[in-house]
Amino acid sequence: MLSARQQAMLDFIRNFTDEKGYPPTIRDIAGGCHISSTSVVDYNLKILEREGCIRCDPGISRGIGLPGLRNQRTTVSVPIIGSIAAGEPLPVPTSDTWSTAWTEALDLPGELVGAREGIYALRVKGQSMVDALIEDGDLVLMQQMSTADDGDMVAVWLKAEGEATLKRFYREKSRIRLQPANSQMKPIYADPDNLEVQGKVICVIRRVEQWR
């Protein structure tokens with residue numbers, strides 16, 4: 001038999017999932033059920049799972065499921081690991097990659113990420129990709145990779161300059177052309193040995209007010 005707190009949590013999970021189409025986080029449950037500690041929520045979730053009232057997937061953000069309920073959307077937490085220039089390259093914190101000690105994350109529908117691995121987000125600075133509908137302040141969803149095909153939109157690390165930039169990638173004989181999507185801006189040319197592809201753009205998330 002469930003306690004009053006466990007029943008309240010179960011009712012909250014059901015109502016939240018029905019209203020939003022995806023399950024709540026532990027913090028959502030704590031706030032919605034007026035529980036001061038997330039560890040208390042976690043303890044009672046384990047009991048609800050043991051009793052067969054819910055199922056939990058610890059490897060997925062918002063991984064609480066309700067047995068028998070269809071069309072639940074799983075979400076994936078994607079870290080926002082920094083900013084990238086869509087203009088002239090900007091310096092970034094370290095000489096090899098962006099910091100992995102992020103403080104922000106996006107909860108995105110699982111189907112947007114799919115089976116891809118190495119997914120992260122970068123906040124765009126600059127106007128060089130406006131013709132590709134990427135504005136200053138937008139977020140780009142990236143898949144980590146070290147190679148690119150001609151025409152791919154990639155985040156590139158310029159080793160000697162210690163800078164990173166977001167551009168279209170093209171090979172031209174002995175050099176790489178990093179092409180802006182802005183007719184008012186000139187391309188950047190780089191020696192292949194001075195360039196590292198850090199990731200490929202898979203999705204653009206337009207700026208909303210809270211990101212400004």
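Mentor: Strand 8 and strand 9 pair in the antiparallel sense over six bridges; strands here are DSSP runs (E, at least two residues; helices are H or I, at least four), numbered from the N terminus, and two strands pair if DSSP finds at least two bridges between them. Mind that this is a predicted model: local features need pLDDT of at least 70, side-chain atom pairs count only at pLDDT 80 or more, and totals for chains, interfaces and linings use all residues. Residues are numbered from 1 along each chain as its sequence is written, and side-chain values use heavy atoms, with hydrogens and water left out.

Trainee: Which residue in the turn between strand 8 and strand 9 has a positive phi?
Mentor: Those two strands form a hairpin with four residues between them. With a phi of about 65°, the one in the turn is Gly162.

Trainee: And which residue of strand 9 is the bridge partner of Ala155?
Mentor: Ala155 touches Met142, contact meaning heavy atoms within 4.5 Å. Its bridge partner in strand 9 is Leu166.

Trainee: How many residues does the largest nonpolar core have?
Mentor: A nonpolar core is a set of buried Ala, Val, Leu, Ile, Met, Phe, Trp, Tyr and Cys residues joined through side-chain atoms within 4.5 Å. Leu166 and Met142 are among those with the most contacts inside this one, and strand 9 (163-172) is one of the elements giving it two or more residues. The count is 17.

Trainee: Is Asn194 buried or exposed?
Mentor: Asn194 is in the loop between strand 11 (188-190) and strand 12 (195-205), and its side chain reaches the backbone nitrogen of Ala160 at 2.7 Å. Buried means under 20% relative accessible area, exposed over 50%, partly exposed in between (1.4 Å probe, protein chains only). At 16%, Asn194 is therefore buried.

Trainee: Which residue does Asp150 meet in a salt bridge?
Mentor: A salt bridge puts a side-chain nitrogen of Lys or Arg within 4 Å of a carboxyl oxygen of Asp or Glu. Here the N to O distance is 3.9 Å. Asp150 sits in the loop between strand 7 and strand 8, and its partner is 21 residues away in strand 9. That partner is Arg171.

Trainee: Last one: how far apart are the closest N and O atoms of Glu172 and Arg177?
Mentor: At 24% relative accessibility Glu172 is partly exposed, whereas Arg177 is buried at 18%. Salt bridges that share partners join these two and Arg175 into one network. The closest N and O atoms of Glu172 and Arg177 are 2.4 Å apart.

Terms used
A polar contact is a pair of N or O atoms within 3.5 Å; within protein, one must be able to donate a hydrogen and the other to accept it, and residues adjacent in sequence count only if both atoms are side-chain atoms. Lists of a residue's contacts leave out its neighbours within four places in sequence.
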